[in-house]
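We will go from stop to stop, selecting a few residues each time.

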Amino acid sequence: MEWKYRRIMFSIINEIKEKIIHFVSLYNWRIGPTHKAESFLLKQYYNLQDRDNQLRSVVFMIDGREKHGGLADRFRSICTIYHWCKKNNVPFKLYYTSPFKLEEYLIPNEIDWICHEPLSYNKKYSRPVVMFDYLLPMKYHERYLNRLWYHSNQTLHLYTYSFFAMKTYREDFNKLFKPCKRLQHEIDTNLENIGCPYIAVVTRFQQLLGDFHEGNFKILDAKERTKLINLCINKIKEIHRKDSRKILCTSDSFTFLKEVAKLDFVYTIPGKVVHIDYNENASYDTYLKSFVDFYMIGHADFTHLLVSGDMYRSGFPGAAAQAMGKPWDIIEFDEYSENIIKG
């Protein structure tokens, strides 16, 4: 037993040590101008041959060279960094090429964020910046960005999940983005097909139901899958008994959508479901569905995220509802209890 506790303490000490090393490497110039994750990108992709940047700026990078998260994480991070740039009078650009070019789905609204000129990877004029919370707690991200911008003369190629400016998320999102014509047509078609005011119910199973591969998450056996599906469907029926409006159901599980679509008060959006950080070669229409889901959730009068057992507490429905200024909540439940968390 004593050895067990020693192993636990050793693990905790190592974890603390790693966090201290990361923290010091981020904030102490004597260790060098870049920390480990940035140094890797600098060594792999930057040179001294590229041209100079025409205009110093912050470029938000989604190019596949780091894990960028799902659509909600990307949107919230983009809006946060745009807000920082706006507040500090810094030119903002978005380089979004993985696994698709964003402008094939969303186009600039009031702000032209497209990089019209090729990026310069000359390390004299540009540098990669990596800010993830596993490297540095999110509460320090703004301070780190301030330091880099005001103590260097380079364009910053920024890789991050960072949500330190969420109070203005709706305003920033709608200044940056509007649907392209094809996406707007799909949104309008689905709104017409629903044909009435509706609420949304969102489920995120990851790979619990065995639909697709996503990281190293748990996969349930057949009996447990059936039990979880029925539990969620019963919760949706319960919601409908309290609120008779039509229900838009979105999910990352085709298996679940196929079952829930059998309910006559449920509407589902046609198309295949993917997680964009784990599917690099899907078709245009496959990625299109994620954007349609996002906007259709945003148009709902109210959105519920259902979470039971090992289901994932997704940020997707909250990001969609907040972007359109709509209310939402999280319903955590099992067979015997329920807890509602306001979004």
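Select Ile 16. Is this residue buried, partly exposed or exposed? Ile 16 is partly exposed, because its relative accessibility is 47% and the exposed class starts only over 50%. Its place is in helix α1, residues 2-27. Keep in mind that this is a predicted model.

**Next: the aromatic rings**

How many aromatic pairs does a search of the whole structure find? The count is 21. Two of these pairs are worth a visit.

Select Tyr 105 and Tyr 284. Their ring centres are 4.4 Å apart and their planes meet at 10°, so this pair is stacked; the cut-off for stacking is under 30 degrees. Now trace the chain from one to the other. Tyr 105 sits in the loop between β2 (92-96) and β3 (106-108), while Tyr 284 belongs to helix α9 (residues 284-299). Check how covered each one is. Tyr 105 counts as buried, at 1% relative accessibility. Tyr 284 counts as partly exposed, at 23%.

Move on to Phe 173 and Phe 177. Here the ring centres lie 5.3 Å apart and the planes are at 65°, so the pair is edge-to-face. Phe 173 is buried, with a relative accessible area of 0%. Phe 177 is buried too, with 2%.

**Next: charges over rings**

Select Arg 65 and Tyr 45. Arg 65 lies over the face of Tyr 45, 3.7 Å from the ring centre. Then select Arg 76 and Phe 163. The charged end of Arg 76 sits over the ring of Phe 163, at 4.5 Å from its centre.

**Last stop: a sheet**

Switch to the cartoon view. Look for an open sheet of six strands, with the order β9-β8-β7-β10-β11-β12 and mixed pairing. Which strands stand at the edges? They are β9 (266-267) and β12 (338-342). Each has a single partner strand, so one side of each is left without a neighbour in the sheet.

Strands of a sheet pair through backbone hydrogen bonds, either parallel or antiparallel. Select β7 (residues 198-203) and β10 (residues 303-307): this pairing is parallel, over four bridges. To finish, pick Val 201 and find its bridge partner in β10, His 304.

Conventions. Residues numbered from 1 in each chain as written. Predicted model: local features only at pLDDT ≥ 70, side-chain atom pairs only at ≥ 80, totals over all residues. Heavy atoms only, no water. Phe/Tyr/Trp six-rings, centres within 6.5 Å; stacked < 30°, edge-to-face > 60°. Helix = DSSP H or I, 4+ residues; strand = E, 2+ residues; numbered from the N terminus. Buried < 20%, exposed > 50% of the residue type's maximum accessible area, 1.4 Å probe, protein only. Lys NZ or Arg CZ within 6 Å of the ring centre and 35° of its normal. Pairing = 2+ DSSP bridges.
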